[in-house]
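Please look over the sequence and the structure below before reading on.

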Amino acid sequence: MQSDKGIDVERAKISPADEFNHPNEVLLAPISTADKRKILDQWETDAKALARAGDEGMTGGEPALLREVQIAQEKLASQI
């Protein structure tokens with residue numbers, strides 16, 4: 001399902017970085033709070049996996065953004 005701003009919400013729930021450049025963009029998206037939460041939760045999972053890979057010497061050149069995701073999650077929680 002695409003939002004009126006061209007965001008593929010279902011794709012974002014699977015791979016947030018494919019639809020958003022930064023976790024804060026999720027907060028500004030014209031989508032439901034539940035969808036924002038799911039997207040940020042997936043982004044957190046992805047960021048943790050990237051951090052683990054980096055710890056093991058496997059890097060893909062993509063920043064993990066774990067702290068930024070956590071901050072966005074906190075902001076979303078405070079908006080509810």
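**The nonpolar core and what surrounds it**

The largest nonpolar core has 15 residues, and those with the most contacts inside it are Phe 20, Val 26, Ile 39, Leu 40 and Trp 43; such a core is a set of buried Ala, Val, Leu, Ile, Met, Phe, Trp, Tyr and Cys residues joined through side-chain atoms within 4.5 Å. Two or more residues of this core come from each of helix 1 (9–14), helix 3 (23–28), helix 4 and helix 5. In soluble globular proteins, nonpolar side chains tend to be buried together.

The model is predicted, with local features requiring pLDDT of at least 70 and side-chain atom pairs counting only at pLDDT 80 or more, while totals for chains, interfaces and linings use all residues. Residues are numbered from 1 along each chain as its sequence is written, and side-chain values use heavy atoms, with hydrogens and water left out.

Seen as a whole, the protein has five helices and zero strands, where helices (H or I, at least four residues) and strands (E, at least two) are DSSP runs numbered from the N terminus. Buried residues make up 31% of its 80 residues; buried means under 20% relative accessible area, exposed over 50%, and partly exposed in between, with a 1.4 Å probe and protein chains only. Of the contacts (heavy atoms within 4.5 Å) between residues at least 6 apart in sequence, 49% join residues at least 24 apart.

Which residues does Val 26 touch, not counting residues up to four places away in sequence? Val 26 touches Phe 20, Lys 36, Ile 39, Leu 40 and Trp 43, and Leu 40 is in turn one of the residues in contact with Gln 73. Gln 73 lies in helix 5 and counts as buried at 18% relative accessibility; leaving aside neighbours within four places in sequence, its contacts are Leu 40, Asp 41 and Glu 44.

Leu 65 sits in the loop between helix 4 (33–55) and helix 5 (66–79), and because its relative accessible area is 18%, Leu 65 is classed as buried. Beyond residues up to four places away in sequence, Leu 65 touches Asn 21, Pro 23, Trp 43 and Ala 47.

**Charged side chains**

How many salt bridges does a search of the whole structure find? The search finds six, a salt bridge being a side-chain nitrogen of Lys or Arg within 4 Å of a carboxyl oxygen of Asp or Glu. One of them joins Lys 48 and Glu 44 at 3.5 Å, N to O, and because these two residues are four apart in helix 4, about one helical turn separates them. Glu 44, which also contacts Gln 73, is buried with a relative accessible area of 18%, whereas Lys 48 counts as partly exposed at 38%.

Arg 67 and Glu 74 form another salt bridge, their closest N and O atoms being 3.8 Å apart; Arg 67 is partly exposed at 46% relative accessibility, and Glu 74 is partly exposed with a relative accessible area of 46%. Glu 19 pairs with Arg 11 in a salt bridge whose closest N and O atoms are 3.7 Å apart, and Arg 11 is partly exposed at 41%. Finally, Glu 10, Lys 13 and Asp 35 are linked in a network of salt bridges.
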